[in-house]
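Please look over the model below with its helix packing in mind. The notes that follow it are grouped by topic.

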Amino acid sequence: MSNRQTLAHALPSWSALKAHQEQLRPRHLRDLFATDPGRVAAMSLEVEGIYADYSKHRATPETLRLLVALANESGLRQRIDAMFRGERINVTEDRAVLHTALRAPRGSVVQVGGVNVVPGVHEVLDRMAAFAERVRSGAWKGHTGKAIRAVVNIGIGGSDLGPVMAYEALRHYSRRDLVFRFVSNVDGTDFSEAVLDLDPEETLFIVSSKTFTTLETMANARSARAWSLARLKAEKAVARHFVAVSTNAEEVAKFGIDTSNMFGFWDWVGGRYSMDSAIGLSTMLAVGPERFREMLDGFHAMDEHFRTAPFERNLPVLMGLLGLWYVDFFGAETAAVLPYDQYLKRFPAYLQQLTMESNGKRVSLDGQELPYPTGAIYWGEPGTNGQHSFYQLLHQGTRLVPCDFIAFLKPLNSLGRHHDLLLANVFAQSEALAFGKTPEELRAAGVPEPLVPHRTFDGNRPSTTLVLERLTPRALGALVALYEHIVFTQGTVWGLNSFDQWGVELGKVLASRIIPELEGGPEAGHDASTAGLIRRAVASKGLA
């Protein structure tokens with residue numbers, strides 16, 4: 001008897017969805033709205049301060065019923081329960097997946113291997129808070145006795161994208177007398193520009209690397225160390241200007257960082273799920289411990305909704321299933337996230353790692369080749385900038401791009417009628433995508449016939465609109481957790497592991513072989529193209 005898992009396309013609900021899609025495909029959103037006056041009420045939901053209108057999707061209540069059936073047949077409920085119980089659902093790395101424990105309230109019980117991890121989580125949070133208060137109050141002094149005026153976070157991937165997104169998103173709440181910079185790229189320009197106008201005597205570096213061996217992070221950290229000591233001279237100054245987010249005490253100490261200023265996390269926290277762990281130290285320094293805990297409360301509220309709500313009224317589940325609906329049944333390859341708030345300008349970039357590193361997989365949990373598409377390509381820009389950039393393709397292009405619009409009813413910066421203009425635009429864009437403009441409407445408006453094809457908007461282009469009251473730390477936490485659980489929902493139905501990232505390894509291995517060659521070492525053996533590129537780079541340095 002085979003132990004191979006049953007893949008989604010072999011489930012009865014998948015076949016039912018395929019037949020349903022063939023019936024639904026010719027129907028336009030104009031028709032779906034006209035024939036169902038209760039559509040918005042049936043296809044909207046308010047959860048933890050997020051009002052979600054998903055009525056502008058090419059779907060009906062029957063579509064949602066079939067999608068929920070697919071989730072049930074895929075074992076989503078069992079998989080959710082297993083994750084929250086701390087089971088080792090990351091099978092390729094034999095690890096639990098417990099980023100949800102990072103925001104569990106004090107006194108909760110979340111066990112891994114029979115050990116409650118929540119006290120350890122709060123011990124780290126308390127140490128972070130104490131350190132943050134010392135820096136923010138000026139009690140923490142640099143080597144020459146000056147208070148810290150600039151904080152530079154050095155990391156890459158989840159150790160950068162989460163912190164920089166959160167800082168930008170919550171900048172309204174941040175200390176304006178503190179400067180925050182983020183360095184991730186191994187390109188020397190990134191570091192050079194970040195510190196160009198900073199004073200080493202007043203600068204604190206946070207080096208974020210679990211192993212303290214990450215190539216790009218440690219290259220930048222060593223450059224930061226050299227930059228600091230060029231002014232501060234004394235080796236002992238490192239301990240006053242560097243702290244670590246890591247678990248490798250030996251390497252941290254060797255670098256010169258006092259291990260009492262090392263903030264750890266756990267192997268059950270994936271990098272792209274770590275912004276609410278010690279990786280978020282820069283966020284806490286920016287907004288303070290109280291605001292950071294408000295963000296954690298938003299995460300936890302969405303976690304509890306995801307864990308307990310029936311799938312028919314479960315926002316991450318419904319959004320995840322609708323995304324899957326377009327990838328697998330309409331052939332959509334991308335998804336756009338369009339936040340109408342300038343503070344969320346880095347949110348789409350953050351979601352790129354969260355979604356594509358998680359679900360950009362071609363094999364199932366047990367190693368089977370997947371016979372259906374997975375992992376949409378996520379992209380986006382804040383509105384209204386995108387409207388004058390790529391919305392042309394969204395409205396009149398040949399590709400179907402489901403969109404998530406994110407809007408806030410109240411601005412953090414009130415300036416004349418700016419916010420009304422912003423809200424008018426976000427609401428108008430979803431309306432235009434859904435309903436378009438017909439040739440008949442254009443002719444009735446007197447548009448010359450030769451221009452009618454050019455000015456026709458087909459419409460029938462799907463979107464979800466998420467509306468929140470105001471961008472607060474709690475709202476940000478709820479939004480991020482929403483997308484984390486969307487990813488989990490889709491990964492479960494697709495039958496893959498959303499928590500490993502083996503696809504990033506090969507490039508790292510090859511780069512480690514090439515580095516010595518670029519520095520004058522012997523050729524290690526490559527294909528003709530790569531070898532030629534290496535020789536050209538070496539020749540340009542005069543090493544050949």
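In this predicted model, the contact between helix α14 and helix α20 is made on one side by Leu315, Pro316, Val317, Met319, Gly320, Leu321, Gly323, Leu324, Val327 and Asp328 of α14, and on the other by Leu482, Tyr483, His485, Ile486, Thr489, Gln490, Val493 and Trp494 of α20. Sorted by type, the residues of this contact are twelve nonpolar, five polar and one charged.

**Helices α14 and α20**
- Helix α14, which covers residues 315-329, packs against α20 at an angle of about 55 degrees, and the two axes lie 8 Å apart.
- At that angle α14 and α20 are therefore oblique to each other, and their crossing is right-handed.

**Helices α5 and α20**
- Helix α5 (residues 76-85) also packs with helix α20 (residues 473-494), here at an angle of about 130 degrees and with the axes 10 Å apart.
- These two helices are therefore oblique to each other, and α5 and α20 cross in a right-handed way.
- In this contact Leu76, Arg79, Ile80 and Met83 belong to α5, while His485, Phe488, Thr489 and Thr492 belong to α20.
- The residues of the contact of α5 with α20 comprise four nonpolar, three polar and one charged.

**Asparagine 359**
- Asparagine 359 is part of helix α15, which spans residues 347-359.
- With a relative accessible area of 1%, asparagine 359 counts as buried, because the cut-off for buried is under 20%.
- Leaving aside residues up to four places away in sequence, asparagine 359 touches several residues, among them Val487, Gln490, Gly491 and Trp494.
- The side chain of asparagine 359 also makes a polar contact, at 2.6 Å, with the side chain of serine 498.

Key. Residues are numbered from 1 along each chain as its sequence is written. This is a predicted model: local features need pLDDT of at least 70, side-chain atom pairs count only at pLDDT 80 or more; totals for chains, interfaces and linings use all residues. Side-chain values use heavy atoms; hydrogens and water are left out. Axes are lines fitted to C-alpha atoms, for helices over the stretch in contact, and angles run from 0 to 180 degrees between N-to-C directions. Helices (H or I, at least four residues) and strands (E, at least two) are DSSP runs, numbered from the N terminus. Angles under 35 degrees count as roughly parallel, over 145 as roughly antiparallel, 65 to 115 as roughly perpendicular and the rest as oblique. A crossing is left-handed if the near helix is turned anticlockwise from the far one by less than a right angle, and right-handed if clockwise. Contact means heavy atoms within 4.5 Å. Ala, Val, Leu, Ile, Met, Phe, Trp, Tyr, Cys and Pro count as nonpolar, Asp, Glu, Lys and Arg as charged, and the others, Gly among them, as polar. Buried means under 20% relative accessible area, exposed over 50%, partly exposed in between (1.4 Å probe, protein chains only). A polar contact is a pair of N or O atoms within 3.5 Å; within protein, one must be able to donate a hydrogen and the other to accept it, and residues adjacent in sequence count only if both atoms are side-chain atoms.
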